[in-house]
Amino acid sequence: MPEPIRLRVFGDYALFSRPELKVERYSYDVMTPSAARGILDAIYYHPGLRWCVKRIIVEKPIRFTNIRRNEVSKKILATDLFAAANGSEKPIFIDRRDAIAQRAATVLRDVSYVIEANFDVIPEKMGAEDSEDKFYAIFCNRARRGRCFTQPFLGCKELPAAFELLTPDSRPPEPIGESRDLGIMLYDMDYDGEEIMPMFFHAELKNGVMDVAGKEILR
């Protein structure tokens with residue numbers, strides 16, 4: 001790949017939920033690497049590549065606000081779907097009148113980040129005509145035109161993200177002049193084992209830049 005891809009993403013609100021707070025959601029101070037990877041996957045997904053986030057640049061001050069959202073307190077279980085497929089008459093829908101719950105969330109507002117990333121290829125999942133240069137060109141072409149596989153979002157699907165590919169003609173990243181210890185942050189999910197396991201790392205913001213590459217992964 002010629003050089004790392006740099007993508008600016010921005011929006012009115014963002015919610016990168018801390019896993020230790022499950023009911024009343026509270027956002028991390030900065031976008032997580034897993035959320036950044038999700039945005040890249042939303043623009044161009046291929047089973048033969050794996051995105052590797054290197055840095056996340058924060059371009060706007062870190063500010064929080066509170067919102068309330070209507071959610072449901074139940075979920076449809078896989079066992080219910082399996083039973084229905086085998087002839088059970090048990091209903092497989094959620095009645096919002098019985099399951100609705102209003103919950104508060106502490107979210108980030110007016111956010112803008114620059115994601116710096118590259119990718120690794122997975123040869124066994126690539127086609128005969130696939131290559132690293134091809135993946136790079138397809139992603140850049142799609143991002144430059146504003147196209148995506150699915151709508152990118154900033155942590156939650158109801159918080160859409162706008163994006164633009166940074167080129168030599170684009171406005172360069174403008175990191176905020178702030179440093180802080182962000183503590184233990186979710187890095188990504190490990191799908192390689194028998195069970196899906198979370199991975200964490202010690203995140204630090206230095207002059208508006210959070211380095212991800214080379215960090216020790218905690219499991």
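Guide: What follows concerns a predicted model, taken up by topic.

Visitor: How many aromatic pairs does a search of the whole structure find?

Guide: The search returns eight aromatic pairs. In one of them, Tyr45 and Phe149, the ring centres are 6.5 Å apart and the planes stand at 35°, so the pair is classed as tilted.

Visitor: Where do Tyr45 and Phe149 lie?

Guide: Tyr45 belongs to the loop between α1 (33-43) and β3 (49-58), and Phe149 to the loop between α4 (132-145) and β6 (162-165); the pair therefore ties together parts that are 104 residues apart in sequence.

Visitor: Is Phe149 buried or exposed?

Guide: Phe149 counts as exposed, because its relative accessibility is 56%. Tyr45, at 45% relative accessibility, counts as partly exposed.

Visitor: And what is the geometry of the pair formed by Trp51 and Phe119?

Guide: That pair is edge-to-face, with 5.4 Å from centre to centre and 80° between the planes. Trp51 sits in strand β3 and Phe119 in strand β5 (residues 100-121), so this contact ties together parts that are 68 residues apart in sequence.

Visitor: Are those two buried or exposed?

Guide: Trp51 is buried, at 5% relative accessibility, and Phe119 is buried as well, with a relative accessible area of 4%. The cut-off for that class is under 20%.

Visitor: Which residues do ring pairs link into a cluster?

Guide: The cluster consists of Tyr44, Trp51, Phe119, Phe135 and Phe139.

Visitor: Changing topic: what lines the largest pocket?

Guide: Its lining has 23 residues, and those nearest the centre are Arg37, Arg50, Asp188, Met189 and Tyr191. The space within this pocket is about 620 Å³.

Visitor: Which element gives the most to that lining?

Guide: Strand β3 does, with five residues. At least two residues each come from α1, β3 and β7 (180-190).

Visitor: How does the lining of the largest pocket divide by class?

Guide: There are 13 nonpolar residues, one polar and nine charged.

Visitor: What about the second largest pocket, then?

Guide: It holds about 410 Å³ of space. Of its 22 lining residues, Thr32, Ser34, Ala35, Phe153 and Gly155 are the closest to the centre.

Visitor: Which element gives the most there, and how is the lining made up by class?

Guide: Helix α1 gives the most, with six residues; α1, β7 and β8 (197-206) each supply at least two. By class, the lining of the second largest pocket comprises 13 nonpolar, seven polar and two charged residues.

Definitions and conventions
Residues numbered from 1 in each chain as written. Predicted model: local features only at pLDDT ≥ 70, side-chain atom pairs only at ≥ 80, totals over all residues. Heavy atoms only, no water. Phe/Tyr/Trp six-rings, centres within 6.5 Å; stacked < 30°, edge-to-face > 60°. Helix = DSSP H or I, 4+ residues; strand = E, 2+ residues; numbered from the N terminus. Buried < 20%, exposed > 50% of the residue type's maximum accessible area, 1.4 Å probe, protein only. 1 Å grid on protein atoms, 1.4 Å probe; cavity = no way out; pocket = protein on both sides within 12 Å on 5 of 7 lines; lining within 4 Å. Points joined across faces, edges and corners; volume = space filled by probe spheres on them. Nonpolar A, V, L, I, M, F, W, Y, C, P; charged D, E, K, R; others polar.
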